[in-house]
Amino acid sequence: MSRWRLPGAYYPRWRQVRIHAILDHYRANFFRGKTMMEVGCGDGSIGNFFYYLGCQVTCCDARQEFLDEVAYRNHEIRTAQCNLEEAWPLPDECFDVILNLGVLYHLAEPHDCIVENARHCNHLVLDCEVTPSGGVRTCSMPENPPERLADEGDDHAFSGMGSRPTPAYIEAAIRDGGMEPVMLNTTAYDDHPYPHKLGWGETGAYRNGMRRLWFAKKTG
């Protein structure tokens with residue numbers, strides 16, 4: 001039995017819609033023999049899925065308990081501990097694919113992380129909750145997790161501060177890293193419930209749960 005797991009009420013559907021969107025874009029055969037890094041991997045369920053499609057997978061997270069869970073589930077997946085606000089993991093390596101799914105809004109200043117993602121892969125898949133207004137900007141805010149339940153892991157900001165970037169902010173940073181992004185913006189992709197327990201609440205700057213997904217590739 002797993003020793004740790006992320007909140008279970010909505011994550012199965014959360015993972016499912018992202019995996020389906022990725023497979024619709026690339027098709028399953030694309031991943032055979034590819035190298036992949038999943039940043040902010042949590043329990044590594046998505047990376048593990050692509051391992052079984054033939055990827056060589058590396059999972060990165062700031063929390064060692066999640067990396068222990070990844071190794072417990074599949075010892076053939078490499079793990080690396082990292083705090084994305086302090087340093088980029090494995091800076092000398094470039095991957096065929098990087099998955100950055102539901103990570104950026106847990107960073108107070110996500111620009112450098114986006115740039116490093118783009119610089120270290122040929123294909124980037126990036127998902128984020130966004131501020132639905134225009135302009136190249138982001139708003140930082142405290143992200144205070146609720147009381148942890150006995151069988152949950154903490155998937156909130158490692159530093160205690162998160163953000164809500166605009167889509168234009170994210171796309172500008174992807175281009176700064178040498179990639180051209182294409183945004184997927186469909187109702188089907190966002191069709192799953194969001195828990196109120198994440199501690200963000202509502203403000204005039206964003207609507208909780210507004211997600212956007214990008215596929216990006218090298219321009220040169």
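I take helices (H or I, at least four residues) and strands (E, at least two) as DSSP runs, numbered from the N terminus. The model I am reading is a predicted one.

**Entry: backbone at R27**

I started with the loop between α1 (11-26) and β1 (35-39), where R27 is found. I looked up its phi. The phi of R27 is near 75°, a positive value in a residue other than glycine. I noted this because most residues other than glycine have a negative phi. Is R27 buried or exposed? R27 is exposed, with a relative accessible area of 55%.

**Entry: backbone at L90**

Next I went to the loop between β3 (78-81) and β4 (95-101), which holds L90. L90 is not a glycine, yet its phi is positive, near 50°. L90 has a relative accessible area of 24%, so I list L90 as partly exposed.

**Entry: cysteines**

How many disulfides does the structure hold? I found zero. The cut-off I used is 2.5 Å between cysteine sulfur atoms. C60 is buried, and its relative accessible area is 0%.

C94 is partly exposed, at 48% relative accessible area.

**Entry: charge on the surface**

I looked for charged patches. E85, E86, E109 and D112 gather on the surface in a patch of negative charge. Where does D112 sit? I placed D112 in helix α4, residues 111-119. Its relative accessibility is 56%, so D112 counts as exposed. The cut-off for exposed is over 50%.

**Entry: helix α5**

Last I went through helix α5, residues 167-176. Which of its residues are buried? I listed P167, Y169, I170, E171, A173 and I174. The list includes a glutamate, E171. For buried, I used the cut-off of under 20% relative accessible area.

I then read on past the helix. G178 follows α5, and its phi is positive, near 90°. The phi values of R27 and L90 are positive in residues other than glycine.

Note on methods. Residues numbered from 1 in each chain as written. Predicted model: local features only at pLDDT ≥ 70, side-chain atom pairs only at ≥ 80, totals over all residues. Heavy atoms only, no water. Patch = residues over 30% accessible without salt bridge, like charges linked within 9 Å, V, L, I, M, F, W, Y side chains within 5 Å. Areas by Shrake-Rupley, 256 points an atom, 1.4 Å probe, with all protein chains shown as cover. Salt bridge = Lys/Arg side-chain N within 4 Å of Asp/Glu carboxyl O. Lys, Arg positive; Asp, Glu negative; His and termini not counted. Charge placed at Lys NZ, Arg CZ, Asp CG, Glu CD. Buried < 20%, exposed > 50% of the residue type's maximum accessible area, 1.4 Å probe, protein only.
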